[in-house]
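Dear colleague,

I am passing on the structure we spoke about, together with some notes on its strands, loops and backbone geometry. Please look through it with the notes beside you.

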Amino acid sequence: MSIETTNEDLELSVLELDADSPKAAHRASEERASVSKPRGEAVARLSSLDTLESEAIHIIREVVAEFEKPALLFSGGKDSVVMLHLATKAFWPGKVPFPVLHVDTGHNFPEVIDFRDRTVERLGLKLVVGSVQEFIDSGELAERADGTRNPLQTVPLLDAIQRNKFDAVFGGGRRDEDKARAKERILSLRDEFGQWDPRNQRPELWNLYNGRHTVGQHVRAFPISNWTELDVWRYIERENIELPGLYYAHDREVFARDGMWRAVGEVSQPRPDEEVITKTVRYRTVGDMSCTGAVESAAATVRDVVIEVAASTITERGATRADDRISEAAMEDRKKDGYF
Amino acid sequence: MSTEIDTARAAALLDDAPLAHASLFRFATAGSVDDGKSTLVGRLLHDSKAILADQLDAVARTSADRGFGGSAGGIDLALLTDGLRAEREQGITIDVAYRYFATDRRSFILADCPGHVQYTKNTVTGASTADAVVVLIDARKGVLEQTRRHLSVLQLLRVAHVIVAVNKIDLVDFSESVFREIEADVQQVGRELGLGSDGITDLLVVPVSALDGDNVVERSERTPWYTGPALLEVLETLPAADELESHLESFRFPVQLVIRPQGALAPDAVAGGLDVEAYRDYRAYAGQITEGSVKVGDKVSVLTPGQDPRTTTVTGIDFAGAELTEAVAPQSVALRLADEFDVARGDTIAAAGTVREASADLYAALCWLSPKPLREGAKVLVKHGTRTVQALVRSVSGKLDLATFKLEGASSLELNDIGHAQLRLAAPLPLENYLHHRRTGAFLVIDPLDGNTLAAGLVNDHPGDHEDERYSI
């Protein structure tokens with residue numbers, strides 16, 4: 001029914017026809033019972049993960065073929081790690097033909113920065129870093145009252161895009177993350193100011209992606225738009241993809257704030273009334289340390305996480321991102337201003 | 001603060017790992033104003049447990065603020081699908097929104113297409129990638145002009161499965177006679193259009209109440225006269241378009257780019273034991289199979305615009321270090337060929353002898369999606385497969401009245417019009433009739449000035465051609 005192996009077997013038939021598998025044959029006969037179509041030929045079927053992977057690789061290749069200078073946003077977070085994995089598959093046995101770009105808030109988890117650097121070195125990639133700290137130091141950005149730096153990433157991001165003349169930027173955004181993202185195109189045009197205009201988007205038809213843009217405009221490309229959080233985790237499991245350790249259960253000193261567990265760290269200190277305790281936690285997203293919360297979890301392996309995600313009753317952003325709780329339109333507002 | 005675990009659901013999804021084998025199914029919804037489409041979508045997501053607790057809480061708060069008193073515990077399910085601030089404020093849907101849910105049989109991608117604003121643009125967009133489209137009808141109103149327009153567009157776009165959901169069946173007291181009358185009207189429209197009787201599409205009619213959930217996920221006891229499956233059952237069991245087409249049509253593969261590392265190998269390829277020297281001459285053509293399947297040893301034609309087709313043999317199908325013996329649409333792979341032709345992006349590799357001669361004369365139906373009208377004599381870009389060429393609009397030969405299905409005289413096309421036109425291309429393209437080739441028969445019309453997409457194009461046969469005629473090469 002699906003491609004079972006992608007890397008281990010050198011010779012494999014990708015197709016199991018319906019007739020080969022009793023279970024599949026049973027399902028096929030059910031289908032024929034409910035739809036009276038005179039078309040009984042055996043058909044091959046890809047699993048949903050195979051289809052999503054093929055779609056993402058097609059998009060990555062289209063962008064590389066049609067743009068002058070693409071780059072991939074790479075934070076060390078799971079979605080960007082999956083994006084980079086897909087890029088290595090798209091151009092195999094060649095190298096990934098574009099640099100990676102990270103906007104460093106200065107509040108990142110140290111282990112995620114380590115992971116970023118190791119990955120870039122392992123794949124022999126060029127890393128471009130836009131630094132929020134540098135913009136604060138030079139007075140071009142001001143620290144927010146709440147200490148959150150996620151919303152401050154937009155300025156260094158646009159600066160890095162313009163300075164490096166990137167005309168396409170890959171992101172790991174998914175439409176299931178947020179109501180505004182659910183309406184964004186796979187190739188999303190940004191104006192000279194990096195702004196997204198949700199009411200004036202190009203229709204996206206068939207698998208024909210229109211990336212044409214004028215000087216000064218650029219395009220954000222979201223090849224895993226159609227993946228869900230569970231798809232990402234199932235893919236990480238299937239492909240045996242390495243992630244930063246904080247995605248898996250570990251003991252950590254935390255304190256409760258805004259209904260989330262916050263890690264104790266240099267930029268994330270408890271107030272006097274907030275009690276610090278040690279909990280077994282993991283992260284569902286890894287953003288800025290000052291606004292990303294941990295969830296209590298005993299999921300220590302990728303298998304455990306897949307089961308947890310499949311069973312979870314709260315969305316990943318709802319569970320762990322203070323920045324999305326600001327208002328119902330928080331993500332839409334940040335995206336309009338040029339955010340990821 | 002802790003992640004709540006619904007272990008029964010986890011077990012249902014992961015035991016026996018049905019998800020690992022579940023296929024992907026894309027469908028769209030289309031409807032008129034106030035026919036309950038958002039409620040139906042919300043119901044599908046809610047009852048298939050795709051709505052998570054925090055999303056439901058947010059919607060419950062808003063429902064309470066607005067004094068909503070319907071079913072589902074007083075939650076206005078329509079609110080689940082409003083994405084943008086303006087949509088929430090105005091209570092309307094502006095743009096196509098994509099939703100995701102899974103059952104233990106399938107993963108679904110739902111393109112939720114608004115009905116009242118620019119319905120042609122949204123329906124064409126949603127239907128272009130859909131395996132099925134659900135069209136809503138209000139049981140109290142029956143088949144409206146809008147319904148005829150929707151069905152007309154879906155027939156034109158050759159959507160494999162059209163499902164008409166007769167909604168608000170509760171408001172006509174679950175009346176069989178009302179349903180049967182509407183069903184007969186729908187089938188009559190289908191016959192007029194050739195929808196469901198052309199051997200390509202099928203047309204199903206299901207009575208539902210989105211508000212109360214009848215026949216949405218579970219079959220309803222309140223419609224004992226309806227013995228067919230509930231809507232979700234239909235969606236779970238219909239074959240996806242690729243499943244239908246992969247053996248019916250021949251292999252088509254637009255070349256996206258040439259993979260030629262020339263020694264610049266990926267570190268994992270080297271670590272995996274690849275010899276840099278052996279891969280110095282590696283050359284493969286990367287692309288996504290748009291139709292059909294290909295095996296190592298198959299004879300294929302390389303179609304390069306302006307050149308005679310060249311025939312060669314597939315010697316390898318590579319995918320990220322795996323050598324495949326066979327691949328099928330919609331897989332992304334890299335093909336190696338026996339002969340060292342000059343093959344580049346924009347060329348098409350196809351099963352030998354199955355593609356008609358490339359042509360610079362393009363006859364097509366155009367779904368006009370831009371506020372900027374089409375005029376005869378306009379210069380545009382045509383994006384077909386992986387090639388973009390300049391084109392001149394020679395003539396507009398008429399536009400469709402979607403309600404009567406008749407062609408009217410017209411010399412220009414405006415936003416949301418669907419018409420026929422003839423274009424002259426700057427370079428010939430391997431164009432195929434959209435009726436039989438949903439990918440290689442499709443193209444975009446692009447504005448060369450600002451790059452915006454102007455129209456969705458569906459290739460027609462040249463006048464005088466027989467529909468099915470293919471030239472041997």
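In β5(B), Val164(B) is the residue that stands opposite Val135(B). Please keep in mind throughout that this is a predicted model. The pairing of β4(B) with β5(B) is parallel and comprises seven bridges. Strand β1 (residues 23-30) of chain B also runs parallel to β4(B), to which four bridges join it, and there Ala28(B) is found opposite Val133(B).

Strand β4 itself, residues 132-138 of chain B, is mostly covered, with seven of its seven residues buried. Ala132(B), Val134(B), Leu136(B) and Asp138(B) point one way from the strand, whereas Val133(B), Val135(B) and Ile137(B) point the other way, and all of them are buried.

Lys168(B), which is placed in the loop between β5 (161-167) and α9 (176-193) of chain B, has a positive phi of about 65° although it is not a glycine. Phe174(B) lies in the loop between β5 and α9 of chain B as well, and its phi, near 55°, is likewise positive in a residue other than glycine. Are these two residues, Lys168(B) and Phe174(B), buried or exposed? Since 20 or more other C-beta atoms within 10 Å make a residue buried, Lys168(B) is buried because it has 22 of them, and Phe174(B) is buried because it has 20.

In chain A, the bond from Trp92(A) to Pro93(A) is cis, with omega near 0°, and Pro93(A) is found in the loop between α3 (78-91) and β3 (100-104) of that chain. In chain B, the bond from Ala329(B) to Pro330(B) is cis, again with omega near 0°, and Pro330(B) lies in the loop between β13 (326-328) and β14 (332-337) of chain B.

Finally, chain A has an open sheet of four strands, in the order β9-β8-β10-β11, with antiparallel pairing. Its edge strands are β9 (260-263) and β11 (295-296), each of which pairs on one side only. Within this sheet, β8 (residues 250-257) and β10 (residues 277-282) of chain A pair in the antiparallel sense over five bridges, and His250(A) stands opposite Val281(A) in β10(A).

With best wishes

Note on methods:
Residues are numbered from 1 along each chain as its sequence is written. Chains are lettered from A and ligands numbered from 1 in the order in which they are written. This is a predicted model: local features need pLDDT of at least 70, side-chain atom pairs count only at pLDDT 80 or more; totals for chains, interfaces and linings use all residues. Two strands pair if DSSP finds at least two bridges between them. Helices (H or I, at least four residues) and strands (E, at least two) are DSSP runs, numbered from the N terminus. A residue is buried if 20 or more other C-beta atoms lie within 10 Å of its own, exposed if 12 or fewer, and partly exposed in between; C-beta atoms are placed from the backbone.
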